Amino acid sequence: MSSWFILDVVSTIPTEIARRLLPQRLQSYGFFNMLRLWRLRRVSSLFARLEKDRHFNYFWVRCVKLICVTLFAVHCAGCFYYLLAARYPDPTRTWIGATMPNFHERSLWIRYVTSIYWSITTLTTVGYGDLHAQNSREMVFDILYMLFNLGLTAYIIGNMTNLVVHGTSRTRKFRDTIQAASGFAQRNQLPLRLQEQMLAHLCLKFRTDSEGLQQQETLDALPKAIRSSISHYLFYNLVQRVYLFQGVSDDLLFQLVSEMIAEYFPPREDVILQNEAPTDFYILVTGSVDLIDHKSGIEQVVGEAKAGDLFGEIGVLCYRPQLFTVRTKKLCQLLRLNRTSFLSIVQSNIGDGTIIMNNLLQFLKEHKHPIMESVLRETEIIIARGRMELPLSLSFAVIRASGSFKRKRELCTSSSRLWCRAQQ
């Protein structure tokens, strides 16, 4: 009642009843019909709600709104212009009477179509000249209508331009980025394979943006609690099955999942380079990757990782450069976890740190590859010297230290025996 209730009610009163209540000389004017224009405020609010409604396409809602505004302006201008002719003393000296002397006797449809025809030709600035002002009243109205048309036309053209530009801006930006990357590669004479990787990554980024797959961008726009809940729902079960985190607490898993970043990589793109600094490790969500060892400039595939596998963790946990180059075989989604964030989370729980390191050492034992055996020996030496940043229980460190000492003693004994035989 304190807002616009009264005007909303008045704008819905049947005009036939209101016209009967007016004096006889005012009944034909239909003043209460003008109150119906108050409903335009409700129509404007309706379109404002539809533009924000995710169930409707914004582009088409805006187009319908512009069409409705244009039709309403044309309708009102035609009605008011006809009213001037209908109330003029000399019907023959009006814009419609000059071509249709007995227009009062013509059907309502003919008069309405004629008025709309004049209104549209004037709005579009075509102005055929067959219907034009015949007296000063009509000339003044034409002047005001043309000035209004300047603003309406600018409004419609501006909105349509914005809609079209917005729809094509992403493609234009993509083409500019591709052109800039190609120019950069040619100026620096980059290898062909590296150029292909650059362009493939840019194309993948454009495709994921177009298809609504910009997962991390969407998560970054949300509060931390919602991001954590979404990450927990999407990736918790996957991370729980990774060998490195077998047996750790649920609290640690939840914190790790919340810090992981989902990324997409196109086919044949290097995710990790051999001998690079161990700053991140990855969990493969979808797709597959090859583990490649470079020897004397020759690439040799030494393994393959599939969905649910982990790679890059040996470099992160054992403090050594990455062992292999990791290259995608097809479109892959990966979870990336930064080394600093990982150690910061694990530092608060010694028990989980011990479990993680024990899982890693067990993994290294099961792989009989010479590189893995060398990493295992070096890692146990680091644990024995207490230089491991990962929090470990005292009993675990003592056991690993004694085991490392025993192996070293056996190695020294074997070396001594070989030396004695050589002397003999």
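Val43 has a relative accessibility of 37% and therefore counts as partly exposed. Its place is in helix H4. The model is predicted. The protein has 424 residues, and 34% of them count as buried. It holds 16 helices and 8 strands.

**Overall picture**

- The protein exposes about 26100 Å². Carbon and sulfur atoms supply 60% of that area.
- Among contacts with a separation of 6 or more, 69% are between residues 24 or more positions apart.
- A search of the whole structure finds 11 salt bridges.

**Nonpolar surface patch**

- Val43 is one of the residues that make a nonpolar surface patch of about 560 Å².
- H5 provides the largest share, 3 residues.

**Glu51 and its contacts**

- Glu51, like Val43, is found in helix H4.
- Leaving aside residues up to four places away in sequence, Glu51 touches Tyr58, Val61, Arg62 and Lys65.
- Glu51 and Lys65 are 14 residues apart along the chain. Their C-alpha atoms are separated by 9.8 Å.

**The open sheet E2-E7-E4-E5**

- Four strands form an open sheet, in the order E2-E7-E4-E5. The pairing is antiparallel.
- Strand E2 (270–272) and strand E5 (298–306) are the edge strands, each pairing on one side only.
- On average, neighbouring strands of this sheet are turned by 35 degrees against each other, direction ignored.
- Strand E4 (residues 288–295) pairs with E5 over 8 bridges, in the antiparallel sense.
- Ile292 stands opposite Val301, a residue of E5.
- Strands of a sheet pair through backbone hydrogen bonds, in a parallel or an antiparallel way.

**Strand E8 and its partners**

- Strand E8 (residues 332–338) is mostly covered, with 5 of its 7 residues buried.
- Strand E1 (residues 261–265) is joined to E8 by 5 bridges, and the two run antiparallel. Here Ile261 has Arg336 as its bridge partner in E8.
- Strand E3 (residues 280–286) is joined to E8 by 6 bridges, again antiparallel. Ile283 has Leu335 as its bridge partner in E8.

**Salt bridges between strands**

- Side chains of opposite charge can pair when their charged atoms come close.
- Arg327 forms a salt bridge with Asp270, and the closest N and O atoms are 2.8 Å apart.
- This pair links distant parts of the chain. Arg327 lies in strand E7 (residues 325–328) and Asp270 in strand E2, 57 residues apart.
- Both Arg327 and Asp270 are buried.
- Asp280 forms a salt bridge with Arg336, with the closest N and O atoms 3.5 Å apart.
- Asp280 lies in strand E3 and Arg336 in strand E8, so this pair ties together parts that are 56 residues apart in sequence.
- Asp280 has a relative accessible area of 12% and is therefore buried.

**Other salt bridges**

- The side chains of Asp293 and Lys295 meet in a salt bridge at 3.8 Å, N to O.
- Asp293 has 4% relative accessibility, so it counts as buried. Lys295 has 47% relative accessibility, so it counts as partly exposed.
- Asp8, Arg41 and Arg42 are linked in a network of salt bridges.

How values were computed. Residues are numbered from 1 along each chain as its sequence is written. This is a predicted model: local features need pLDDT of at least 70, side-chain atom pairs count only at pLDDT 80 or more; totals for chains, interfaces and linings use all residues. Side-chain values use heavy atoms; hydrogens and water are left out. Two strands pair if DSSP finds at least two bridges between them. Axes are lines fitted to C-alpha atoms, for helices over the stretch in contact, and angles run from 0 to 180 degrees between N-to-C directions. Patches are made of residues with over 30% relative accessible area and no salt bridge: like charges are joined within 9 Å, nonpolar side chains (Val, Leu, Ile, Met, Phe, Trp, Tyr) within 5 Å. Accessible areas come from the Shrake-Rupley method with a 1.4 Å probe; for residues, only the protein chains shown count as cover. A salt bridge is a side-chain nitrogen of Lys or Arg within 4 Å of a carboxyl oxygen of Asp or Glu. Buried means under 20% relative accessible area, exposed over 50%, partly exposed in between (1.4 Å probe, protein chains only). Contact means heavy atoms within 4.5 Å.
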